[in-house]
Amino acid sequence: MTVGAATGTDGTAGADAVTGAAPSVPSVPSVPPVPSAASVPPAAEGHDRIRVYGARENNLKNVRLEIPKRRLTVFTGVSGSGKSSLVFDTIAAESRRLINETYSAFVQGFMPTLARPEVDVLDGLTTAILVDQQPMGTSPRSTVGTATDAGALLRILFSRLAQPHIGSQKAFAFNVASADASGVLVVNGKKTEKGFSVVGGMCLRCEGTGSVSDIDPARLVDDARSLADGAVTVPGWKPDSWVVRTFTESGFLDPAKPIRDYTEQERHDLLHRDPVKVRVKGINTTYEGLIARVRKSFLSKDKETLRPHIRAFVERAVTFAVCPGCHGTRLSETARSARIDGINIADACAMQISDLASWVRGRQDPSVRTLLAVLGQSLDSFVSIGLGYLSLDRPSSTLSGGEAQRVKMVRHLGSALTDVTYVFDEPTVGLHPHDIQRMNELLLRLRDKGNTVLVVEHKPETITIADHVVDLGPYAGAEGGEVVFEGTVEGLRAGGTLTGRHLDDRASVKPSVRERTGVLEVRGANAHNLRDVDVDIPLGVLTVVTGVAGSGKSSLIHGSVDGRDGVVTVDQSPIRGSRRSNPATYTGMLEPIRRTFARANGVKPALFSPNSEGACPACKGAGVVYTDLAIMAGVATTCEECEGRRFEASVLRYRLEGRDISEVFGMPVAEAAEFFRTGAARTPAVCAVLDRLAEVGLGYLGIGQPLTTLSGGERQRLKLAGQMAGAGSVYILDEPTSGLHLADVEQLLALLDRLVDAGRSVIVVEHHQAVMAHADWIIDLGPGAGHDGGRVVFEGTPAELVAARPTLTGEHLAQYVGA
């Protein structure tokens, strides 16, 4: 048997295994020692970055990026540069999709289906928790308490300690109705009587909404007319419509008789008759009073989802009042009868949260010590993020975007989870400079717990605390979608990008201000936390209303100025529209564009609408074909028939100045403005709209680009451009800098100046110091939030505010301008 050479432990050839003599072998290169297991770093150490390769979502151009984990990374860039496309539509969307796939196919069938983002490689993802500015729901029963754990914890506390004892926590829930039922259950031929009883806290009069609605009959009919002559004034309900024909041909009413001549019975039959079967034109149908018909057709739907003219009708015809049964508390008398030291749950929910936190800390019952600690921690979280002025019964639909985002944060501040990815969308929106520092501390606290924090932000105060900065651009839309800088804050300052150049911009106080042309008087304003405020708002100038969040700014302006004659308001409510909606349809440009094409080609205007006769029959004018894959994400593919142009081929043969309608839809605003300014395409009505869009900084936007692809800043500026066409003399803008890049703020200030110089009065509710410094007049509310605010603490010019520094706003403005 041949025995080979042994190898020593040091990797060299050992002595002969039999003779012990050193073997005679040729020399070989030395082999480096094998590292011991203890010196090799675990493979997990290599997963310290989120890697994004080839991202192409929306306007992203094959973005390649590596984001450090367990760090605070801020994504910045001009509005429309691709920040949200990268952070929300790519990174966060893929994380959510992968987590959803861990559930069974049965469970996935009940979950929203998410498509894989347009990206080649996404590696190193962790669980993503989105904290965005989307509204928290429009349900009339959704409140701050129901949107967080605080409401449920408070109900449990009252079910344990309140006297008299009325039942479980359901007895204090305004969305649970009391019910009793009994019946016979048959099992294997044996009958058993069963019954159950639920004690709920809902007020049955208003069904837990806190308000009751009533319809004004005078807004539904014109007494001077008959049904045949159009007495019914409900939008769309014409004399020949099926709804009205059920009234005219029911046999209960005389269709030729004016409503004012109706007998008492006829008026009751028209407005209030209970449902009854009738026969109209040989068809069996149900006759029901007009008020009940209107209630079912319009009031059962969310008002915000109605078309504008329908919504206007509802606002005219329907009156809302506080429920007389529960006095607006939403709770039954039984729920309000149980008290803890004289306080019932309605009183507790109506307290300012900072006061409620103090009340909870005053409870000492050892049987609920743990519950009190958790509830107190939840309430203290509200205070720590600057929402101590809210109450738990505040409807969530009334929260601003910034408030809604911070309410969502409350759920995560005390979380024991670590190594997750938190994604924030401009968390400083709606925050006074005094509150931004507290928000920054919360972001750093989340990072220091071992989490990855991704923030889309424009405010320099938050950009400067980042561990890592990603700047997208260089500009917006088709000219954006690239990473123009990645690194530290100091590197950003020296990098020469648009963000880097404007990071340290500081506006200066104007040396002189405009003279007012009059005043808008506000007397005895007491909405929400206002304390009988008397103030004169100057006209003919730029007025900025400021103060800490919750000080009463919106209550003053929207409660006492909005709605007056000649006042045009641009608020933060979102633009509603489907993927077929675009700037052309939203601003009304589409109609004159269609008419111009039709006139030039001698055909009908309907051919030039992708939602009408000219639509591609294969995709029905959508440009893409959607395939439903049940529990899997649906697939959208470009329509092969029209190649994404949305129109049928015969329509595309018609041209205007050498362009077909699909090519015009693909034009950016700036190019379209030049196209419609001269020649056969000259359409002044279209140019007027396009010029306004360019004025608000949307010159790069495609006029046919779906509204669903626009960023928050783009949508707000689109709304502003639309409102500028109004004939109002006073413009109210609610935080117009939301979503604006540092460079865009200068353009906004120039726009505000043009509005004032054109003879309009502009009132801006704003926190941005550059807008304050540029104002002619400042009205500062405070000094604090909630019941600590509600007063005018300063009126005067920016220079006077900086010189006196009487308020928190004055101190921060002086620091900003370097005074």
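**Exercise 1.** Find the residue of β10 that stands opposite Val276.

Solution. Val276 stands opposite Tyr287. Strands here are DSSP runs (E, at least two residues), helices are runs of H or I with at least four residues, and both are numbered from the N terminus.

The model is predicted: local features need pLDDT of at least 70, side-chain atom pairs count only at pLDDT 80 or more, and totals for chains, interfaces and linings use all residues. Residues are numbered from 1 along each chain as its sequence is written, and side-chain values use heavy atoms, with hydrogens and water left out.

**Exercise 2.** State the strand order of the open sheet of three strands and name its edge strands.

Solution. The order is β2-β1-β4, with antiparallel pairing. β2 (63-68) and β4 (121-123) each pair on one side only, which makes them the edge strands. Between β1 (residues 49-55) and β4 there are three bridges. In β4, Val121 is the bridge partner of Tyr53.

**Exercise 3.** Explain why the second largest pocket lies between domain 1 and domain 4.

Solution. Domain 1 (47-135 + 399-502) and domain 4 (505-575 + 712-818) both give residues to the lining, so the pocket lies between them. The domain bounds come from an automatic or database domain assignment.

Key:
Two strands pair if DSSP finds at least two bridges between them.
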